[in-house]
Amino acid sequence: MPNKIDTKFSNNNRVNEILEVIYAFARLDFNKKVAISGDDDALDGIGTGVNMLGEELNHSSVTLREKEQLLKEIHHRVKNNLQIVSSLLSLQSESVEDARYLNMIRESKNRINSMALVHEMLYKSKDLNKVELKEYIQRLSQSLVSSFSTERDNVAMQLTVGENIFLEIDKMIPVGLILNELISNSFKYAFTTPEKNEIKIFLIRAGDLLKLEVSDNGKGIDEAKGKSTSLGLQLIRMLSEQLNGTCIFRNDNGAKFELIFPL
Amino acid sequence: MRVPEYATEVKKYFTWMGEDGICCTKVKEGSEIVLEDALENTSVVTSFYKDKKFPIMIDARGIKSMSREARNHFSARGRDSKTNSFGIIVKSPISRVVGNFFLGISKPSVPTKLFETEDEAKAWLKNFI
C-alpha cells in the first residue's frame with residue numbers, strides 16, 4: 001500500500017502533467033494528452049475533461065482555419081469576377097468610337113476596379129476582414145493616374161493619409177467608390193492649364209471619426225459640377241449617407257470635398 | 001448493472017434488450033471508446049429494432065475515455081437512430097465528465113439525462129416506451 005508521501009508525490013506529478021498539457025493547448029498544440037491512471041479519481045476526471053476540451057479546441061481551430069480559407073477564396077473569386085467584368089468592358093470599348101460612350105465605359109471600369117482592389121487587398125490581408133486605408137488610397141490613385149494618363153499626364157497626386165487606419169469591407173467599398181468619383185472628376189473637369197495641376201487627398205482619424213478631404217487646384221466646383229455626370233455626384237451623396245457621414249463640396253482655390261464619417 | 005446471459009458481447013460493451021422494452025448497454029471496465037466501438041455498439045442496438053423506436057439505458061460507470069468522433073456518433077445527429085431517449089448512468093469522476101461533455105457539447109438529438117442509479121434511469125426511460 002503506498003504511503004502518504006508517495007501518494008502526494010504521485011499526485012503532484014499528475015497535476016504537473018495536466019498543467020503541461022494545458023500549456024501545450026495555450027501554444028495551440030492540441031496533440032498532447034493527459035495520461036489517465038485508471039484510478040478513476042478526481043485527477044483522472046480532470047485529466048479526461050482536459051483531454052476532451054483539447055479535442056474540441058482542436059476541432060474548432062481546424063474549422064476556423066477552413067472558414068478563413070473559404071473566405072480568402074471568396075474574396076479572390078469576387079476580385080477575379082470583377083476583373084473579368086472590367087476586361088469585358090475593355091473588349092467592348094474596342095468597337096466603340098464615340099468619345100462619350102468610351103468615357104462611360106472607362107468610368108464603369110474604374111468603379112469596378114476600385115471595388116476589385118478592396119477584395120484583392122482583403123484576401124491578401126492577415127485577418128481577411130480589414131483593409132489598410134493608406135495602401136488602398138495609394139494603389140487606387142496609381143490606378144486612376146494610369147487610367148487618365150493618355151489625356152492628362154501632368155497631374156501630381158499628393159497623399160496625406162494617417163498610418164494604421166483600417167476599414168472593414170462595408171465601409172471600404174463606399175469610401176473607394178467616393179474616392180474614385182472625386183479623383184476622376186478632378187482629372188476630367190478641373191484643370192484648364194497644362195502645369196502645376198494637383199490633386200490632394202487628406203485623411204485623418206479623430207477619435208472615432210474619419211475626416212476625408214479631396215481637393216484640386218483647378219477651376220472650382222460650380223463649373224465642374226455642371227459638366228460632371230449627375231450619376232457621379234448622386235453616387236457620392238448616396239455613398240456618404242451609407243457611411244452615416246456628412247459631406248460638403250466647396251471652393252477653396254479649386255474644388256474641395258469634405259467628408260466626416262464614423263469608423 | 002447485472003449483465004444477463006443472453007447479452008450480446010462486443011469489444012467494449014455488453015448490450016441486450018430488456019423485457020420491459022428498455023435497451024441496455026454496459027461499458028466494460030476501463031474502456032477507451034473510439035468511433036469503431038461506437039459503430040459496433042450501434043449495430044447491436046439497431047438489431048433490436050422492429051417497428052418502434054425504444055429508450056436505451058447506458059451504464060457508463062466503467063468508461064475510461066470517449067473520443068470526439070464516438071461522442072458525435074452517439075449523439076445521433078444526422079443519422080437515423082432507432083432509439084428515442086438516453087438514460088446514462090454515471091458515478092465515477094471520469095464517467096461524469098464524459099456524460100456532461102456528451103450532454104453539453106455533443107448535444108444528443110433525443111432526450112438525454114444523467115443518473116446515478118439504474119432505478120432512477122429506468123423510471124425516467126419508462127416514459128419513452
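Guide: Helices here are DSSP runs of H or I with at least four residues, strands are E runs of at least two, and both are numbered from the N terminus. This is a predicted model, where local features need pLDDT of at least 70 and side-chain atom pairs count only at pLDDT 80 or more, while totals for chains, interfaces and linings use all residues. Residues are numbered from 1 along each chain as its sequence is written, and chains are lettered from A and ligands numbered from 1 in the order in which they are written.

Visitor: What makes H1 of chain B a helix that lies across the sheet, and which strands does it cover?

Guide: H1(B) spans residues 35-46, and a helix needs at least four residues, so the run qualifies. H1(B) lies across S1, S2 (13-17), S3, S5 and S7 (83-89) of chain B. With axes fitted to C-alpha atoms (for helices over the stretch in contact) and angles from 0 to 180 degrees between N-to-C directions, H1(B) runs at about 15 degrees to S2(B). Helix H4 (residues 118-125) of chain B packs on the sheet too, touching S5, S7 and S8 of chain B. The direction of H4(B) makes about 165 degrees with that of S7(B).

Visitor: How many helices and strands does chain B have, and what pattern do they follow?

Guide: Chain B has four helices and eight strands. Along the sequence they read β-β-β-β-α-β-β-α-β-α-β-α.

Visitor: What is the strand order in the open sheet of chain B?

Guide: Six strands of chain B line up as S1-S2-S3-S5-S7-S8, with mixed pairing.

Visitor: Why are S1 and S8 of chain B called edge strands?

Guide: Strand S1 (8-9) and strand S8 (112-115) of chain B each pair on one side only.

Visitor: How do you know that S3(B) pairs with S5(B), and in which sense?

Guide: Two strands pair if DSSP finds at least two bridges between them. S3 (residues 23-27) and S5 (residues 54-59) of chain B share four bridges, so they meet that cut-off, and they run in the parallel sense. Along the way, Cys23(B) faces Ile56(B) in S5(B), and Thr25(B) stands opposite Ile58(B) in S5(B).

Visitor: What about S2(B) and S3(B), parallel or antiparallel?

Guide: S2(B) and S3(B) are antiparallel, over five bridges. Tyr13(B) sits opposite Val27(B) in S3(B). The two strands form a hairpin with five residues between them, and in the turn Gly21(B) has a positive phi of about 90 degrees.

Visitor: What makes S3(B) mostly covered?

Guide: A residue is buried if 20 or more other C-beta atoms, placed from the backbone, lie within 10 Å of its own, exposed if 12 or fewer, and partly exposed in between. In S3(B), five of its five residues are buried. Cys23(B), Thr25(B) and Val27(B) are on one side, Cys24(B) and Lys26(B) on the other. For chain B as a whole, 41% of the 129 residues are buried.

Visitor: Why is Ile84(A) called exposed?

Guide: Ile84(A) has 12 C-beta neighbours inside 10 Å, so it counts as exposed. Ile84(A) is in helix H2 (residues 42-93) of chain A. Its C-alpha is 10.0 Å from that of Ile112(A), a residue 28 apart from it in sequence.

Visitor: How many residues of chain A are in contact with chain B?

Guide: Residues are in contact if their C-beta atoms, placed from the backbone, lie within 7 Å. On that count, 14 residues of chain A are in contact with 12 of chain B. Inside chain B, among contacts between residues at least 6 apart in sequence, 79% join residues at least 24 apart.

Notes: Contact = placed C-beta atoms within 7 Å.
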